[in-house]
Amino acid sequence: MTELVRFDLDGQEGAVVVELDPSPGFERLSRKDGGLAQAKISFDGALAGVRDAASSALKQFQAMAVPPDEVELQFGVRLSASAGAVIAKTGAEGHFEVRVKWQREPRLRILSDPEPDRSA
């Protein structure tokens with residue numbers, strides 16, 4: 001049975017209500033008015049770890065000898081009322097999808113693909 005969990009927002013009034021599946025081994029949460037469970041961490045705090053993981057992964061690609069022009073990181077995020085946000089798994093493993101893209105620079109193209117002789 002799913003439950004509604006309230007994640008407060010840092011530094012502002014309001015909250016995000018998330019529908020969660022209870023996880024085995026976790027305790028039931030305290031209820032506030034209206035029957036909503038209260039998360040032990042704020043919404044911002046829950047996402048902070050995932051944000052830091054994405055930032056760390058991006059730094060690794062930017063540190064390559066020839067860094068890519070574009071980096072795309074994709075992963076699922078699962079919210080937990082007690083653990084915050086975690087990277088969701090697919091099957092038995094954590095799941096990240098990474099795409100990197102390099103654009104050929106014009107000066108490299110000129111050296112590798114000379115322009116055809118246009119004087120003829």
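**Reading a predicted fold, one feature at a time**

Me: Which residues does Phe43 touch, not counting residues up to four places away in sequence?

Reply: Phe43 touches Phe7, Asp8, Leu9, Val16 and Leu79. Please keep in mind as we go that this is a predicted model. Phe43 itself is found in helix H1.

Me: Is Phe43 buried, partly exposed or exposed?

Reply: The idea is to compare its relative accessible area with two cut-offs: under 20% is buried, and over 50% is exposed. Phe43 counts as partly exposed because its relative accessibility is 23%.

Me: How far apart are Phe43 and Val18, in sequence and in space?

Reply: Sequence distance and spatial distance are read separately. Phe43 and Val18 are 25 residues apart in sequence, and their C-alpha atoms are 9.9 Å apart in space. Another pair to look at is Val5 and Leu36: they are 31 residues apart in sequence, with 5.7 Å from C-alpha to C-alpha. Val5 is found in strand S1 and is buried, with a relative accessible area of 0%.

Me: Let me step back. How many helices and strands does the protein chain have?

Reply: Counting the elements gives 2 helices and 9 strands. You can then read them in order from the N terminus: β-β-β-α-β-β-β-β-β-β-α.

Me: What share of the 120 residues is buried?

Reply: Buried residues make up 18% of the chain's 120 residues.

Me: How do contacts tell me which parts of the sequence come together?

Reply: You look at how far apart the partners sit in sequence. Among contacts in this chain between residues at least 6 apart, 52% join residues at least 24 apart.

Me: Where does H1 bend?

Reply: Look at Gly49, where H1 bends by about 30°.

Me: Which residues of H1 are buried, and what do they pack against?

Reply: To see how a helix sits in a fold, find its buried residues and follow their contacts. In H1 the buried residues are Ala46, Ala48, Val50 and Ala57. They pack against strand S1 (3–8), strand S4 (70–74), strand S5 (77–80) and strand S6 (84–87).

Me: May we follow one of them? Which residues is Val50 in contact with, leaving aside its neighbours within four places?

Reply: Val50 is in contact with Phe75, Val77, Ala85 and Val86. Its relative accessibility is 8%, so Val50 counts as buried. Val50 and Gly76 lie 26 residues apart in sequence and 9.9 Å apart in space, C-alpha to C-alpha.

Me: Now for charges. How many salt bridges does the structure hold?

Reply: The structure holds 4 salt bridges. One of them joins Asp8 and Arg6, whose closest N and O atoms are 2.8 Å apart. Asp8 counts as partly exposed at 26% relative accessibility, and Arg6 is partly exposed too, with 28%.

Me: Which residues are linked in a network of salt bridges?

Reply: Glu72, Glu97 and Arg99 form that network. Arg99 bridges to Glu72 with the closest N and O atoms 3.6 Å apart. Arg99 lies in strand S9 and Glu72 in strand S4, so this pair ties together parts that are 27 residues apart in sequence. Arg99 also pairs with Glu97, where the closest N and O atoms are 2.8 Å apart.

How values were computed
Residues numbered from 1 in each chain as written. Predicted model: local features only at pLDDT ≥ 70, side-chain atom pairs only at ≥ 80, totals over all residues. Heavy atoms only, no water. Helix = DSSP H or I, 4+ residues; strand = E, 2+ residues; numbered from the N terminus. Buried < 20%, exposed > 50% of the residue type's maximum accessible area, 1.4 Å probe, protein only. Contact = heavy atoms within 4.5 Å. Bend = angle between axes of the 7 residues up to and from the residue. Salt bridge = Lys/Arg side-chain N within 4 Å of Asp/Glu carboxyl O.
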